[in-house]
Amino acid sequence: MARGIKAVGLEDSPGGSGREDAPGRVRVVPRAVRVGLLGLGTVGSGVLEVLERNRADIERKAGRGIDVARILVRDPSRARAVAVPAGLLTTDPRDILTDPEIAIVVEVMGGTGVALQSILGALRAGKHVVTANKDVMAEHGPEVWAAAAEGGADLFFEASVGGGIPIVRAVQSSLAANSVRRVAGILNGTTNYILTRMSRDGLSQEEALAEAQALGYAEADPSADIDGVDAARKLCILSSLAYSTMCRAGDVYRQGIAAISAQDIAHAARMGWTIKLLAISDMQSGRISMRVHPTFVPLGHPLAAVNDTFNAIYVQGDPVGEAMFYGRGAGALPTASAILGDLLEAVRGLDRGGARTSCPCLHQWPVDPVDALQTRFYVRLLVADRVGVLAKIASVFEHAEVSIMSVLQSPVSQRSHPDQAELIVVTHAAREDRMRDAIEGLRHLEVVAGVGALVRLAPEDL
Ligand code: NAP
Ligand code: HSE
């Protein structure tokens with residue numbers, strides 16, 4: 001029987017059949033592909049919304065119908081952003097994982113419990129998996145890739161980094177011929193939204209986070225965003241792809257934005273900077289270093305203009321030089337864009353046979369701690385406002401071998417702290433471990449009432 005693709009009306013063909021579309025010419029209408037959806041929250045609803053809105057075009061590109069056959073949720077009685085027939089919902093992952101008719105599983109539930117087990121089960125059963133789950137990809141990469149190899153299945157995870165930005169496939173495929181030296185940028189939409197709302201609109205961190213949660217940008221446990229865990233996982237995924245090695249999220253040095261206050265934002269602006277949570281991964285002489293931390297970025301730098309939930313990622317490599325990727329890093333629809341692009345890839349692969357994706361594990365490069373990195377720091381201190389205090393503080397920096405570039409003193413609210421002052425110290429480039437010693441020394445100093453945010457200045461070669 002001749003093989004072929006029906007160009008229109010694919011939604012009519014759940015079973016696949018031969019049709020005579022011209023006298024004597026029979027075209028085979030491929031069966032609609034059955035998809036199991038794990039999760040119907042922010043992202044899952046976005047996926048269904050976009051699939052319905054663009055169905056005709058998506059199915060033409062896929063060459064067959066796409067039938068979301070079953071949807072896993074925790075609570076079937078919950079109100080949903082999209083209407084789905086109640087019969088599609090299930091609370092038992094086995095309804096999807098053991099259904100031989102389901103060829104592709106889309107996982108958008110999150111976490112590393114049921115989600116991980118479902119991904120592993122689906123891959124081992126030979127079902128292709130599309131996931132938005134950075135926790136699973138960054139914490140359980142080797143296990144997941146082994147399951148994919150065992151089942152001969154494909155694994156797609158574009159939505160796990162950068163929301164709607166096509167960065168995973170770019171690093172995985174388009175830039176594969178490069179020797180990548182650095183991957184750096186803004187990888188978390190929630191914290192970028194929070195820092196933008198604090199800087200631009202004067203919101204408190206708590207108010208801005210509440211907004212980000214209401215808009216569906218934050219993780220189920222938002223401390224993953226605030227503490228830099230989410231950005232660290234994404235950096236780990238990109239580093240794995242960029243350097244063809246299996247990075248572990250635990251190898252990423254991490255500092256979140258919890259300590260960043262309105263004062264830090266105001267001081268930054270006065271000095272010509274804005275604060276961004278940057279993720280930076282460097283490869284030098286076969287050694288990797290990875291870090292996520294709040295960073296002062298000069299106002300004229302392109303990253304300073306990346307606001308709200310937008311993400312931006314630089315990839316520096318040879319021969320490409322520098323490539324920058326920019327777009328919405330969180331939210332239902334941008335993430336659905338990445339998921340559906342992956343779903344199309346998975347569907348197109350069905351007829352080709354054999355898995356096309358594989359573990360980025362050609363090397364096992366060592367990962368350096370950040371201790372030896374040279375960085376310029378800003379630290380805000382609350383100190384006693386009396387004679388001799390500056391000398392004591394300077395001696396702690398001297399002892400730690402950290403050279404001070406500038407010190408700025410500003411009085412704090414007279415009413416609440418009549419005898420205290422705020423000191424803003426900016427250092428010359430210093431080793432991370434030396435600065436850690438200095439901070440430890442300052443905490444033990446009797447004249448220091450509090451050590452506020454520690455913010456690094458962006459590397460000069462960024
Ligand atoms: P969400 O709104 O909390 O939705 C999670 C969905 O999964 C819900 O429908 C929930 O069911 C279901 N679910 C969770 N645990 C379950 C369990 N044990 N058994 C059955 N169903 C379960 O989360 P989301 O924001 O859509 O995020 C989903 C994934 O996408 C996460 O991995 C996240 O990191 C990733 N992601 C999110 C974004 C974003 O902007 N939100 C962007 C990129 C990637 P109920 O509805 O019944 O509770
Ligand atoms: N919570 C994540 C973020 C969702 O804000 O970036 C997108 O991965």
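How many nonpolar, polar and charged residues does the shell around ligand 2 have, by class? The shell around ligand 2 has 3 nonpolar, 4 polar and 5 charged residues; in this classification Ala, Val, Leu, Ile, Met, Phe, Trp, Tyr, Cys and Pro count as nonpolar, Asp, Glu, Lys and Arg as charged, and the others, Gly among them, as polar.

The model is predicted, so local features need pLDDT of at least 70 and side-chain atom pairs count only at pLDDT 80 or more, while totals for chains, interfaces and linings use all residues. Residues are numbered from 1 along each chain as its sequence is written, chains are lettered from A and ligands numbered from 1 in the order in which they are written, and side-chain values use heavy atoms, with hydrogens and water left out.

**Ligand 2**

The residues around ligand 2 are K134, N188, G189, T190, Y217, A218, E219, D225, D230, K234, G329 and A330, a residue being near a molecule if one of its heavy atoms lies within 4 Å of it. Helix 8 (189-201) and helix 11 (229-243) each supply at least two residues of this shell; helices are DSSP runs (H or I, at least four residues), numbered from the N terminus.

**Polar contacts of both ligands**

The table gives polar contacts, that is, pairs of N or O atoms within 3.5 Å.

| Residue and atom | Ligand atom | Distance |
|---|---|---|
| K134, side-chain N or O | ligand 2, oxygen | 2.4 Å |
| N188, polar side-chain atom | ligand 2, oxygen | 3.4 Å |
| E219, polar side-chain atom | ligand 2, nitrogen | 2.7 Å |
| R78, polar side-chain atom | ligand 1, oxygen | 2.6 Å |
| K134, polar side-chain atom | ligand 1, oxygen | 3.1 Å |
| G216, polar backbone atom | ligand 1, nitrogen | 2.9 Å |

Taken alone, ligand 1 exposes 900 Å², of which the protein buries 87%. For ligand 2 the area exposed when taken alone is 260 Å², and the protein buries 93% of that. These accessible areas come from the Shrake-Rupley method with a 1.4 Å probe.

**Ligand 1**

Around ligand 1 there are 24 residues, of which D75, R78, R80, K134 and G331 come nearest. Divided by class, this shell holds 10 nonpolar, 8 polar and 6 charged residues.

**Residue R94**

R94 has its place in helix 3 (residues 94-97). Its relative accessible area is 57%, and R94 is therefore exposed (exposed means over 50%, buried under 20% and partly exposed in between, with a 1.4 Å probe and protein chains only). Between the C-alpha atoms of R94 and G441, which are 347 residues apart along the chain, the separation is 56 Å.

Notes: A polar contact is a pair of N or O atoms within 3.5 Å; within protein, one must be able to donate a hydrogen and the other to accept it, and residues adjacent in sequence count only if both atoms are side-chain atoms.
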